[in-house]
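Please read the points below with the model in view.

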Amino acid sequence: MSENYEEWLEFAKTLAVKAGEMIVEARESSNFVRDYKMHHELVTSTDIAVDQYICSCILESYPSHRILSEESSPSMDLGNIGEDIPVWVIDPIDGTVNFAHGHHHVAVSIGLYIGEQRILGVVNAPFLKECFWALKGSGAFCNDKPLAVSGAKELRNALVATGFPYQKTALTPIIERVSRILHHCQDVRRNGSAALDLCWVAAGRLDAYFESVKPWDMAAGTLIAEEAGAKVGYYLSHTATWPDVVNGEGLLVSSPELYNDLLVLVDLGL
Ligand code: IPD
Ligand code: CA
Ligand code: CA
């Protein structure tokens, strides 16, 4: 393991904690305004401020690194992610709708990639006072407690999380998948933060999670889930231009023994 990894992990944790403080302060003082991307996707001034804060700290400390962040650099060409350059993948607020509605299920997500490898992930949930993190090959943790997936084996006892896109035209197949899950599993959760859904699979609070998401939604949480023993795979073939390692299209993450049965349920053959 590169000696830089530990340093980068501490750096990411410090950023995520500071960003979390900004989020809590903005909400407690109601000091934010709402806007809409593409007319339907909520974004607040706090999403932008936190994004700018994280990106400026990265640029200052590691000017040679690259950044893919939801609000300030969402379309970076990651075609050369295969090169040896560290790439930070940032979601400043995952759970913006929750943030704006006064809910607590909100997180800052910071992932780091080199080439086709997930190096580290930090997901800090400031209202819940839980910081999840993982370093490749070193396990996954929540506030320094080791995490492990639930080990659930049977669909009928499985609690499965998912999410819905802002784009309403994409809902029909998702509702069919949710219907199949509801018919075969214990229940469904829609908690409103993909990054935390992945961490909750890692913590054994959920048995599985599936959704089509963007790289910044899954960059950190996927490594945390993997390091806690989850199986990570896909129920859709990859059509987006993102490199495979940050592809969130048709993401299925679960306790390993459940994976194949869940894949049969959510794969509509599309
Ligand atoms: C959203 C959340 C949500 C998921 C959506 C994401 P945002 O991210 O992760 O749980 O269902 O697909 O877009 O917009 O709050 O950063
Ligand atoms: Ca997100
Ligand atoms: Ca976001």
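The numbered points take up a metal site and then the nonpolar cores.

1. The model under discussion is predicted.

2. Three aspartates coordinate the calcium ion (ligand 2): Asp-91, Asp-94 and Asp-217, each through OD, at 2.0 to 2.2 Å. Along the chain, these donors follow the spacing D-x2-D-x122-D.

3. Which parts of the chain does the pair Asp-91 and Asp-217 tie together? Asp-91 belongs to strand 4 (residues 86-94) and Asp-217 to helix 6 (residues 215-227), so the pair links parts that are 126 residues apart in sequence. Both Asp-91 and Asp-217 are buried.

4. The largest nonpolar core has 38 residues, and Ile-54, Trp-88, Ile-110 and Leu-120 have the most contacts inside it. At least two residues of this core come from each of helix 1 (3-28), helix 2 (45-61), strand 4, helix 3 (96-100), strand 5 (107-114), strand 6 (117-125) and strand 7 (130-135). Helix 1 gives the most, with 11 residues.

5. Ile-110 deserves a separate look. Leaving aside residues up to four places away in sequence, Ile-110 touches residues including Ala-12, Leu-15, Ile-54, Trp-88, Leu-120 and Ala-220.

6. Another core, of 30 residues, lies apart from the largest one; among its residues are Leu-198, Val-201, Ile-224 and Ala-230. In soluble globular proteins, nonpolar side chains tend to be buried together.

Conventions: Residues numbered from 1 in each chain as written. Chains lettered and ligands numbered in written order. Predicted model: local features only at pLDDT ≥ 70, side-chain atom pairs only at ≥ 80, totals over all residues. Heavy atoms only, no water. Donors = N, O, S within 2.8 Å, 3.2 Å for Na, K, Ca; no water. Helix = DSSP H or I, 4+ residues; strand = E, 2+ residues; numbered from the N terminus. Buried < 20%, exposed > 50% of the residue type's maximum accessible area, 1.4 Å probe, protein only. Core = buried A, V, L, I, M, F, W, Y, C linked by side-chain atoms within 4.5 Å. Contact = heavy atoms within 4.5 Å.
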